[in-house]
Amino acid sequence: MEFILDIWSELKKNKGAVAGLVLICFFTFIGLFAPLVSPHDPTITNTDLLRLPPSFSGGNSSYFFGTDDLGRDLLSRLIYGARISMMVGFLVVLFSTLIGTILGLVSGFYGGIVDRIVMRVMDFIMALPSVLFAIVVVSVLGPGIFNAVIAVTIVVLPSFVR
């Protein structure tokens, strides 16, 4: 417990770090409790409310960010989208850490030809433009959230392996 208190006392000295921690906690709370926080169902369409402007620009006060082309509430869609973004980020870090640690350990333990092969593959991945490589991987695997997770995992893998 003292270890955590020591970390907190050091963290308090950096106002930017505290602000970042507050933002991360806020968005995590919003994402986890989206059904309770969201003002409307993000999938329900309402043809009477197509393309409403945000409430701060003269729109309907119950639709803070307005509505889209199908009459869906943009704030609710943004809140539910936070869940997907957090899941993708968590899975990418998890898979990259697991696979990268295993590849790095195997490469370091065996050395020689195994190390050269693993590192040349990582050099190849790092030499390609990240976004274009991720797009190619997704186009080969097909659309979907899990395929996007795989693509981003492959792109960030070299930093974990090295």
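Which helix does Asn 147 lie in?

1. Asn 147 lies in helix α7; helices (H or I, at least four residues) are DSSP runs numbered from the N terminus. At 17% relative accessibility, Asn 147 counts as buried, where buried means under 20% relative accessible area, exposed over 50% and partly exposed in between, with a 1.4 Å probe and protein chains only. Apart from neighbours within four places in sequence, Asn 147 is in contact with Val 138, Leu 141 and Gly 142; contact means heavy atoms within 4.5 Å.

2. Basis of the values. This is a predicted model, in which local features need pLDDT of at least 70 and side-chain atom pairs count only at pLDDT 80 or more, while totals for chains, interfaces and linings use all residues. Residues are numbered from 1 along each chain as its sequence is written, and side-chain values use heavy atoms, with hydrogens and water left out.

3. The largest nonpolar core has eleven residues: Val 118, Met 119, Met 122, Ile 125, Phe 133, Ala 134, Val 137, Ala 151, Val 155, Leu 157 and Val 161. At least two residues of this core come from each of α5 (112-127), α6 (130-141) and α7 (145-161). A nonpolar core is a set of buried Ala, Val, Leu, Ile, Met, Phe, Trp, Tyr and Cys residues joined through side-chain atoms within 4.5 Å. With neighbours within four places in sequence set aside, Ile 125 is in contact with Phe 133, Ile 154, Val 155 and Pro 158.

4. Met 1, Phe 3, Ile 4, Leu 5 and Ile 7 make a nonpolar surface patch of about 600 Å². Such patches take residues with over 30% relative accessible area and no salt bridge, nonpolar side chains (Val, Leu, Ile, Met, Phe, Trp, Tyr) being joined within 5 Å and like charges within 9 Å. A salt bridge is a side-chain nitrogen of Lys or Arg within 4 Å of a carboxyl oxygen of Asp or Glu. Areas come from the Shrake-Rupley method with a 1.4 Å probe. Ile 4 sits in helix α1 (residues 2-12) and counts as exposed at 53% relative accessibility.

5. Arg 51 is not a glycine, yet has a positive phi of about 50°. Arg 51 is in the loop between α3 (34-37) and α4 (74-110) and, at 57% relative accessibility, counts as exposed.

6. Phe 56, Phe 64 and Phe 65 form one aromatic cluster. Rings of Phe, Tyr and Trp (its six-membered ring) pair if their centres lie within 6.5 Å; planes under 30 degrees apart count as stacked, over 60 as edge-to-face and the rest as tilted. The count by this rule is six aromatic pairs. The ring centres of Phe 64 and Phe 65 are 5.1 Å apart with planes at 45°, so this pair is tilted. Phe 64 is partly exposed at 40% relative accessible area, and Phe 65 is partly exposed at 30%.
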